[in-house]
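Here's a quick briefing to read alongside the model. Have the sequence and the 3D view open as you go.

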Amino acid sequence: MTSAPFHPAAGPARRTVVAAAGAAGLTAVLAACSGSDDDASSDTGTAPTGSASQESGSGGEHAGAGPALAATADIPEGGGKVFPDQKVVVTQPAAGEFKAFSATCTHQGCAVKSVSDGVINCPCHDSNFSITDGSVQGGPAPKPLPAVQITVSGDSIRLAG
């Protein structure tokens with residue numbers, strides 16, 4: 001009796017199926033981690049400066065300004081504070097000088113979490129940004145944090161409208 005030669009079943013090899021499933025899973029994870037990186041990376045050179053404009057007045061609501069984000073006393077000199085709900089970080093590089101930047105890291109869209117030693121810190125891949133101008137101070141981030149326009153009136157810091 002002669003045996004028939006073995007012929008593998010038609011269709012993709014198991015190795016191909018496993019590799020494709022792995023690539024699809026990796027793509028989904030990377031897409032979830034990217035957040036709004038596309039928005040943060042579209043720097044047209046016309047972004048607001050991020051420096052706060054000083055307005056005189058009673059400290060009440062101002063046309064074009066949102067609700068109070070923080071009191072000036074909440075932002076430490078030489079440091080800053082992250083406001084995750086507003087996706088903004090406010091810093092005070094020098095006494096009375098307030099700056100604001102996007103709290104979305106330009107590397108992969110993670111949220112920055114803290115401000116210490118004169119830098120804004122992203123915990124995902126250890127990118128660090130200057131509290132003065134948002135420039136990259138370390139890590140894999142490819143570009144600075146975009147500036148966010150704020151206004152300071154009396155002791156209130158507001159996001160500009």
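Let's start with a pairing: strand 3 and strand 4 (residues 88-94) run antiparallel and share five bridges. Helices (H or I, at least four residues) and strands (E, at least two) are DSSP runs numbered from the N terminus, and two strands count as paired if DSSP finds at least two bridges between them. Bear in mind that this is a predicted model: local features need pLDDT of at least 70, side-chain atom pairs count only at pLDDT 80 or more, and totals for chains, interfaces and linings use all residues. Residues are numbered from 1 along each chain as its sequence is written, and side-chain values use heavy atoms, with hydrogens and water left out.

**The hairpin of strands 10 and 11**
- Strand 10 (residues 150-153) and strand 11 (residues 156-160) are antiparallel and joined by four bridges.
- Here Ser-153 stands opposite Ser-156 in strand 11.
- Two residues lie between the strands of this hairpin, and Gly-154 takes a positive phi near 65°.

**Ala-141**
- Look for Ala-141 in the loop between strand 9 (136-138) and strand 10.
- Is Ala-141 buried or exposed? Ala-141 is buried, with a relative accessible area of 9%; buried means under 20%, exposed over 50%, and partly exposed in between (1.4 Å probe, protein chains only).
- Leaving aside neighbours within four places in sequence, Ala-141 is in contact with Cys-105, Thr-106, His-107, Ser-127, Phe-129 and Val-136, where contact means heavy atoms within 4.5 Å.
- The C-alpha atoms of Ala-141 and Gln-108 are 8.0 Å apart, with the two residues 33 apart along the chain.

**The whole protein**
- There are two helices and 11 strands, and the pattern along the sequence is α-α-β-β-β-β-β-β-β-β-β-β-β.
- Of the 161 residues, 34% count as buried.
- Among contacts between residues at least 6 apart in sequence, 52% join residues at least 24 apart.
- The protein exposes about 9,400 Å², with carbon and sulfur atoms supplying 56% of it (Shrake-Rupley method, 1.4 Å probe; for residues, only the protein chains shown count as cover).
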